[in-house]
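Subject: Structure handover and findings

Hi,

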Amino acid sequence: MKILKGKEVLALIQDTSFIGCWDQLVRECPWATVFQQKEFVLTWYELFSDQTPIMITDWNGEVMTGLFPLVESDRQLSYPGNNLAEYQVWLSNPKNNTSFITKGLELIRKEYTLHLKYIPSKTPLDWVSNNGPLKNSIFLKEYPQPVMECDEEHLERELKKKNKKEKINRLKRQGELSFDRVTSVDDFNTILPNLVEQNEFRKGAIYGKLAFLEDSRRVDFLSKTFEKNLLHASILRLNEEIIASNVGFITGETVHLQGLNTHSPFYAKHSPGILHFLMLGIHLKKDHFRYFDLTPGGVDGYKAKLATTYHTCYEIQMDSVFATKKKQVKDVIKSKAKTLIGKKSKKASILSDLFNTPSKGNGSVNHQEGQIEIYFNIKGHQLNVTAGKKELKNVIKAISYKKNEIADLLDFPLDIKKTEFLSDAMYRIENGQTFYAIKGSDQLIATLWFIPIGTKDPDGNKRTREQLEFSYLAPSLDKPTSTVCKIIKDHGLPEHLISTLNMPLFNTTLLE
């Protein structure tokens, strides 16, 4: 048993005998998934060279019964792929598993912490409770893993149910609706930016995460793993527009809901994501897949509606005895609190915090030198945020705008309030509003919304008049009314809309 680090790992993976043993171990290990294959791990090592590769193995130059690939950052060990690796586990076989993993963890326990989420359901974990030193250092938590069996007849019946049939018919009245699997590398790379935009917009709005935009290597990782046939990609189109998609990793007869799954917010009322998943299940069956793994997490939402069975997977955190005990106590308290007060989604929490923010109104505001006041009008609440000039620099008078381009919303320049901005934008789009993203020097400086009659106001009442409204306005747009007039003219909107603008929003001040 030995631990290899950095250059030692990079040298070892050049050994064809070692690679052959790795492939053999994947075939022999009952709990191995695509995330343990060399193609997945080595692609991550290649792209993320800032994470030190580490391997625990008992390979003796000829035989290998255990392999545990990891990455290290600041004395913390995690699995290659980070959260793109849905199942994070070592390779072994039932006979040697306990000996391999306990000896391996003993080698690293005093020097590193370790976090694995999630451990596959078939992984033997009885050694955790049977090993004294490790037991006190390991926090083990179980999670439900929903799985949808690809039963073509069942899924066809689901699609023929009244509510889903009506949604399909409404979409078909707008054009040609088609489901397609993407098999060409060129086609995949062509649509990938669009899928990333949809993914980031929704994840940014709900969870405040923009992982792919913040690190483009993750996009490259999907592209390279698709080339290596590790991914199943499918899209639902309305005419030429992608309205839903799924890019998931493949393990044998299973496709995992892990990679990208998206839908266009402009068609949210038609539930294109759910329709796509049902169509995907039918397609998978025809392609000789048996299961669509809906993956742990968020199992109370759409996954509960799609799941036909559940497995149990696990999370492992290895730390000091004190830190482990603290996690265990905290988890018990958290579980009891959820039972008492009910679960609260991240989105609900974000919006709750947002709406409790007091409006400063239109009075004078004291600023520190070199700062600017940015205005928001989010779901009927006028807010203002002070930010440094450097965050809105190099904006010139050349103004341009685009209609309903999600990528422009993702260019929101301020980290502060970014999640609230995207969450509000998603609410507006799904509520039938149209937006115009106004830019100066390629920087988003304002977002103007056209609100039609019949859409709901923040109190849930249907609006009786149409209007225009800025949800975000920076001082850089020094003549907002002229820009609004141009948008009205270019898009044939009624001229009276200019009078519906919330003019106090324009009272911005740039301090010199």
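**The model**

This is a predicted model: local features need pLDDT of at least 70, side-chain atom pairs count only at pLDDT 80 or more, and totals for chains, interfaces and linings use all residues. Residues are numbered from 1 along each chain as its sequence is written, and side-chain values use heavy atoms, with hydrogens and water left out.

**Overall**

The chain has 18 helices and 18 strands. Both are DSSP runs, numbered from the N terminus: helices are H or I with at least four residues, strands are E with at least two. Of the 512 residues in the chain, 50% are buried. Buried means under 20% relative accessible area, exposed means over 50%, and partly exposed lies in between (1.4 Å probe, protein chains only).

Contact means heavy atoms within 4.5 Å. Take the contacts between residues at least 6 apart in sequence: 71% of them join residues at least 24 apart.

**Cysteines**

Cys-313 is buried, at a relative accessible area of 0%. Cys-485 is partly exposed, at 40%.

**Helix pairs**

Two packed helices are described by the angle between their axes and the distance between the axes. Axes here are lines fitted to C-alpha atoms, for helices over the stretch in contact, and angles run from 0 to 180 degrees between N-to-C directions. Angles under 35 degrees count as roughly parallel, over 145 as roughly antiparallel, 65 to 115 as roughly perpendicular, and the rest as oblique. A crossing is left-handed if the near helix is turned anticlockwise from the far one by less than a right angle, and right-handed if clockwise. For residue classes, Ala, Val, Leu, Ile, Met, Phe, Trp, Tyr, Cys and Pro count as nonpolar; Asp, Glu, Lys and Arg count as charged; the others, Gly among them, count as polar.

*α9 with α17.* Helix α9 spans residues 185-207 and helix α17 spans 418-430. Their axes are 7 Å apart, at an angle of about 115°. That makes α9 roughly perpendicular to α17. The crossing is left-handed. On the α9 side, the contact uses Phe-201, Arg-202, Gly-204, Ala-205 and Ile-206. On the α17 side are Thr-419, Leu-422, Ser-423, Ala-425, Met-426, Ile-429 and Glu-430. By class, that gives seven nonpolar, three polar and two charged residues.

*α9 with α11.* The axes of α9 and α11 come within 11 Å and cross at roughly 150°. This pair is therefore roughly antiparallel. The crossing is right-handed. From α9, Val-185, Phe-188, Asn-189, Leu-192 and Val-196 take part; from α11, Val-219, Leu-222, Ser-223, Phe-226 and Glu-227. The classes are seven nonpolar, two polar and one charged.

Helix α11 covers residues 217-227, and its buried residues include Val-219, Leu-222, Ser-223 and Phe-226. Asn-229 follows α11 and has a positive phi, near 65°.

*α8 with α12.* Helix α8 (residues 162-172) packs on α12 at an angle of about 105°, with the axes 11 Å apart. The two are therefore roughly perpendicular. Lys-164, Lys-167, Ile-168 and Leu-171 of α8 meet Ile-274, Leu-275, Leu-278 and Met-279 of α12. This contact has six nonpolar, no polar and two charged residues.

**Backbone points to check**

- The peptide bond from Lys-117 to Tyr-118 is cis, with omega near 10°. Tyr-118 lies in strand β5, residues 113-119.
- Arg-75 is not a glycine, yet its phi is positive, about 65°. It sits in the loop between β3 (67-73) and β4. Arg-75 is partly exposed, at 44%.
- His-288 has a positive phi too, near 75°. Its loop runs between α12 (272-286) and β11 (291-293). His-288 is exposed, at 66%.

**Gly-81**

Where is Gly-81? In the loop between β4 (76-78) and α4 (97-108). Gly-81 is buried, with a relative accessible area of 0%. Leaving aside neighbours within four places in sequence, Gly-81 is in contact with Phe-40 and Trp-44. Its C-alpha lies 9.0 Å from that of Thr-43, 38 residues apart along the chain.

Best wishes
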